[in-house]
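My entries follow in the order I made them.

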Amino acid sequence: MALPTVSKQDVLALLGEIGVQAGDGLLVHSALQFLGQPENGPATYFEALQAAVGPAGTLAVPTFNFCFARGEGYDPATVPAVGMGALSEFVRQQPGAQRTTHPMQSLALVGRHAAELAALDTPSAFDDGSAFARMLELDFKLLLLGASVNAASMLHYSEQRAEVPYRYWKDFSGRIRRDGEWREHTYRMFVRDLESDPQLEISAIQRELEARGQWHSRKLNYGDIVQCRLADFVAAADELLAADPWVFVTNRADIQAGD
C-alpha cells in the first residue's frame, strides 16, 4: 500500500498549528517514515521548517556518530550522522550548515545562531557552556517530526546534572580535523553502563508536559508532529529525576538486584 503524500504546505500548516513561529530556534528529532511520503524527500521538511522560522530562526539537528569512540579520526565536515534519521544527514550536508565539534554528540545547524552555537566547544556535549546549554538560554523549542519523546537527546543534559547512577564518566581521546589540520583532543561522555544495560523509557516527561498544557501535537498520517519549549522539557526531566534518579529505567529491579 502506497504511503500518503506529504507536501511542504501540509507540514507548514501543522507547524503553525502547534505554535512554531518566525524567529524560533528548533532542536529537531525526526523519524520521517511515520509521516508519509514527502513530495521532495527530506527537502520537503527542511524547506517547511525554514519557511516557518524565517531568516531570524535557527534549526539544529543531532548528527551523532561514535566512530571517534572506536579510535577513528573525526572530521566534522565529512563524518556522517548515524542513526539520527534522514533529515539530520540532509541538514548536515546543506551549503553553509555549521557543525559543533564534539566528535560523538554533535549538532548540525542552519540559521541565525548557527555560527555561535557551532563555535562552542566543551569536554561533554551537555556541559555548561555547550551548544545544548546555550539553546536553553536562547529559549529553543524541541520539535519531534514522527519521532517519539524517547528520541529527545536533551534528556542527557538532565541525566548529567542529576548524576544518574546508571551512567558514568568516560574519556575518549583521538584525532579531530580543525582548520584543515588533524590534532589530538580528549572529550568525555556520561556513558550508559553497558554491563547492567539500563533500558530507558521517558514517556513520563511527555505525560507531565501534557498535564501542564506544554505539549503541542498534531497527527500526520501514522505519526505526530510535536512541539514543546526545551526549557519545559528540561524542567520536567529534572523534577522527575530529583524525585527518583531511576525513574526512566524500566529494568531497574534487575539492575538493583544484581548490585
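Entry 1: I started with strand β10 (residues 216-220), which pairs with β11 in the antiparallel sense over five bridges. Two strands count as paired if DSSP finds at least two bridges between them. In this pair I found histidine 216 opposite glutamine 227 of β11. The two strands form a hairpin with two residues between them, and asparagine 221 in the turn has a positive phi of about 55°.

**Source note.** The model is predicted, so I note its limits: local features need pLDDT of at least 70, side-chain atom pairs count only at pLDDT 80 or more, and totals for chains, interfaces and linings use all residues. Residues are numbered from 1 along each chain as its sequence is written, and side-chain values use heavy atoms, with hydrogens and water left out.

**Entry 2: the sheet.** In what order do the seven strands of the open sheet stand? I read the order as β5-β6-β4-β2-β7-β11-β10, with mixed pairing. β5 (98-99) and β10 are at the edges with a single partner strand each, so one side of each has no neighbour in the sheet. Strands of a sheet pair through backbone hydrogen bonds, either parallel or antiparallel.

Entry 3: I then took strand β2 (residues 25-30). Six of its six residues are buried, so the rest of the structure largely encloses it. Buried means under 20% relative accessible area, exposed over 50%, and partly exposed in between (1.4 Å probe, protein chains only). Gly25, Leu27 and His29 point one way from β2, while Leu26, Val28 and Ser30 point the other way. β2 pairs in the parallel sense with strand β4 (residues 58-62) over three bridges, and glycine 25 has threonine 58 of β4 as its bridge partner. β2 also pairs in the parallel sense with strand β7 (residues 141-145), over five bridges. There, serine 30 stands opposite leucine 145.

**Entry 4: β7 to β11.** These two run antiparallel and are joined by five bridges. Leucine 142 stands opposite cysteine 228 in β11. Five of the seven residues of β11 are buried, so it too is largely enclosed by the rest of the structure.

**Entry 5: valine 53.** I looked up valine 53 in helix α2 (residues 42-53). Is valine 53 buried or exposed? It is buried, with a relative accessible area of 3%. Valine 53 and glycine 25 are 28 residues apart in sequence, yet 7.5 Å apart in space, C-alpha to C-alpha. Beyond its neighbours within four places in sequence, valine 53 touches residues including Val20, Asp24, Leu26, Thr58 and Leu59; contact means heavy atoms within 4.5 Å.

**Entry 6: helix α7.** In α7 (residues 203-211), I found Ala204, Ile205 and Leu209 buried. These residues cover an arc of only 135° around the axis, which puts them on the same side of α7; the arc is that of the directions from the helix axis to the C-beta atoms. On the other side, Arg207 and Ala211 are exposed. Among the elements covering the buried residues of α7 are α6 (155-162), β11 (223-229) and α8 (230-243).

Entry 7: How much space lies in the largest pocket? I noted about 890 Å³. Its lining has 38 residues, with Phe66, Gln105, His156, Arg167 and Arg192 nearest the centre. The elements giving two or more residues to this lining are β2, α6, β8 (167-178) and β9 (181-192).

The search of the whole structure gave one cavity of 30 Å³ or more. The largest cavity holds about 80 Å³ of space. Of its 13 lining residues, Thr100, His102, Leu120, Thr122 and Ala125 are the closest to its centre.

On terms: using a 1 Å grid over the protein atoms alone, a cavity is a set of points where a 1.4 Å probe fits but cannot get out, and a pocket is an open set with protein on both sides within 12 Å along at least five of seven lines; lining residues have an atom within 4 Å of a point. Grid points are joined across faces, edges and corners, and a volume is the space filled by probe spheres set on the points.

Definitions and conventions:
Helix = DSSP H or I, 4+ residues; strand = E, 2+ residues; numbered from the N terminus.
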